[in-house]
Amino acid sequence: MTTLGIIGLGVISGQYLETLRRVSNVRIAAVADLDASRAESVSASIPGCRALTNAELLADPAIRTVLNLTIPAAHAEVALAAIAHGKDVFGEKPLAAISEDATRVIDAATAAGVRVGSAPDTVLGTGVQTARAVIDDGRIGQTVSASAMWVSAGHEAWHPHPDFSYRRGGGPMLDMGPYYVTSLVQLLGPVDAVSGAATRSRDERVIASGPRVGERIRVEVDTHLTGILHHVSVALSTVTMSFDGVRSTAAPIEVHGVDGSLVVPDPNRFDGEVRLHARGGGWQPVEPGAGYVDAGRGIGLIDFVSGAARASGAIGLRVIEIMSALSASAASGRRETLTTTAERPTLVPLTPAEVWTAR
């Protein structure tokens with residue numbers, strides 16, 4: 001049984017709580033939020049859970065693992081504090097707002113002998129894992145290329161407090177890119193260099209919903225970024241993440257090999273249909289053959305505490321370095337070489353919900 005403390009109870013926390021309430025090997029002992037009334041409300045809905053301050057939760061010796069669901073700008077600060085108290089940490093993506101802070105987190109955890117895990121864990125569902133199984137089985141032959149695209153008008157259209165999306169640690173690449181870049185690493189393996197280009201359409205955004213509707217917020221980051229990932233396998237991936245469009249009909253991810261092509265479902269979800277077009281054939285659906293069935297946000301934490309740790313801090317560090325290098329390349333106009341390394345995680349066997357919820 002893992003005794004868990006949660007710091008940060010914003011919008012995403014509800015999805016984590018929904019998943020964690022399904023499992024038997026995690027006990028949520030305490031929650032904390034800058035809004036004390038929110039922490040009180042959440043704790044009242046969880047048997048045996050206490051509402052604490054951040055400092056109280058971090059100092060509690062009964063809590064072994066901290067789930068860090070704060071805003072991106074606070075990810076490193078909270079993770080480092082938890083590590084300093086000798087606790088394992090699993091955090092929402094990205095691992096930190098900047099690559100240097102992510103490195104500090106991993107270095108601190110290594111020195112303290114504790115573990116770090118990092119979302120996104122959507123890649124552990126049946127969508128991306130089934131596509132990976134097809135690739136690993138050689139059904140599309142040698143992989144040559146992939147493309148990933150996500151386009152929207154921006155989070156201010158629906159999020160009541162979208163400020164973080166347009167500050168350091170935000171922007172479409174750091175906000176949505178982790179789902180796509182992590183998927184590409186899962187599918188095609190490590191990346192050793194990147195080339196990028198970026199722009200932004202305007203310097204202000206207007207909140208369209210919630211109590212702050214009509215309020216203008218400043219844009220401090222690029223809001224359209226495209227780039228090329230150079231995989232160690234010699235495959236090339238093209239990535240486009242944008243808050244400056246409206247909608248796209250492009251497949252979220254496509255992977256091409258010498259013997260076939262794959263359409264990979266939305267990596268912001270855990271499931272979805274994988275389609276395969278083999279040489280000489282036509283598009284055909286692929287039955288789920290790998291991944292956690294009926295998973296939700298938090299499955300990476302469950303995988304983490306079970307010892308598998310496929311959504312690892314090392315992968316999180318690698319992904320943020322890729323994304324940061326894309327921005328650096330966009331600014332410099334030069335190809336950027338990466339410095340970190342991370343093993344490609346093992347494939348998740350097809351695991352029914354009744355199995356993973358009982359772990």
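## Helices H7 and H9

The axes of helices H7 and H9 approach within 9 Å and cross at roughly 120°. Here helices (H or I, at least four residues) and strands (E, at least two) are DSSP runs numbered from the N terminus, and axes are lines fitted to C-alpha atoms, for helices over the stretch in contact, with angles from 0 to 180 degrees between N-to-C directions. H7 and H9 are therefore oblique to each other; angles under 35 degrees count as roughly parallel, over 145 as roughly antiparallel, 65 to 115 as roughly perpendicular and the rest as oblique. The crossing of H7 past H9 is right-handed, a crossing being left-handed if the near helix is turned anticlockwise from the far one by less than a right angle and right-handed if clockwise.

In H7, Met 173, Leu 174, Gly 177, Pro 178, Val 181, Thr 182 and Val 185 meet Ile 315, Val 319, Ile 320, Ile 322, Met 323 and Leu 326 of H9, where contact means heavy atoms within 4.5 Å. The residues of this H7–H9 contact comprise 11 nonpolar, 2 polar and no charged. For these classes, Ala, Val, Leu, Ile, Met, Phe, Trp, Tyr, Cys and Pro count as nonpolar, Asp, Glu, Lys and Arg as charged, and the others, Gly among them, as polar.

## Basis of the model

This is a predicted model, in which local features need pLDDT of at least 70 and side-chain atom pairs count only at pLDDT 80 or more, while totals for chains, interfaces and linings use all residues. Residues are numbered from 1 along each chain as its sequence is written, and side-chain values use heavy atoms, with hydrogens and water left out.

## The mixed sheet

An open sheet of 9 strands with mixed pairing has the order S16-S15-S14-S13-S7-S12-S11-S8-S17. S16 and strand S17 (336–337) are at its edges with a single partner strand each, so one side of each has no neighbour in the sheet. Two strands pair if DSSP finds at least two bridges between them.

Within this sheet, strand S8 (residues 191–199) pairs with strand S11 (residues 224–231) in the antiparallel sense over 8 bridges, and Ala 198 stands opposite Leu 225 of S11. S11 is also antiparallel to strand S12 (residues 236–242), through 7 bridges; there the bridge partner of Leu 225 is Met 241. S11 and S12 form a hairpin with 4 residues between them, and Val 234 in the turn has a positive phi of about 80°. Strand S7 (residues 143–151) runs antiparallel to strand S13 (residues 253–257), joined by 5 bridges, with Ser 147 partnered by Glu 254 of S13.

## Helices on the mixed sheet

H7 lies across S7, S8, S11, S12, S13 and strand S14 (260–264), at about 160° to S12. H9 also packs on the sheet, where it touches S8, S11 and S17, and its direction makes about 50° with that of S8.

The 20 residues of H9 (residues 313–332) should span 28 Å at 1.5 Å a residue, which agrees with the 28 Å between its end C-alpha atoms; the expected span is 1.5 Å times one less than the number of residues. After H9 comes Gly 333, with a positive phi near 80°.

## The parallel sheet and its helices

A second open sheet has 6 strands in the order S3-S2-S1-S4-S5-S6, with parallel pairing. Its edge strands are strand S3 (50–51) and strand S6 (116–118), each of which pairs on one side only. Strand S1 (residues 2–7) runs parallel to strand S4 (residues 65–68) with 4 bridges, and Ile 7 stands opposite Asn 68 in S4.

Helix H4 (residues 75–84) packs with helix H5 (residues 99–112) at an angle of about 10°, their axes being 10 Å apart. This makes H4 roughly parallel to H5. Ala 76, Ala 79, Leu 80 and Ile 83 of H4 meet Asp 101, Arg 104, Val 105, Ala 108, Ala 109 and Ala 112 of H5, a contact with 8 nonpolar, no polar and 2 charged residues.

## Helices H6 and H7

The axes of helix H6 (residues 126–136) and helix H7 (residues 171–188) come within 9 Å and cross at roughly 30°. H6 and H7 are therefore roughly parallel to each other.

Lys 93 and Pro 94 are joined by a cis peptide bond with omega about -10°, and Pro 94 is in the loop between strand S5 (88–91) and H5. A cis bond also runs from Ala 119 to Pro 120, with omega near 10°; Pro 120 lies in the loop between S6 and H6.
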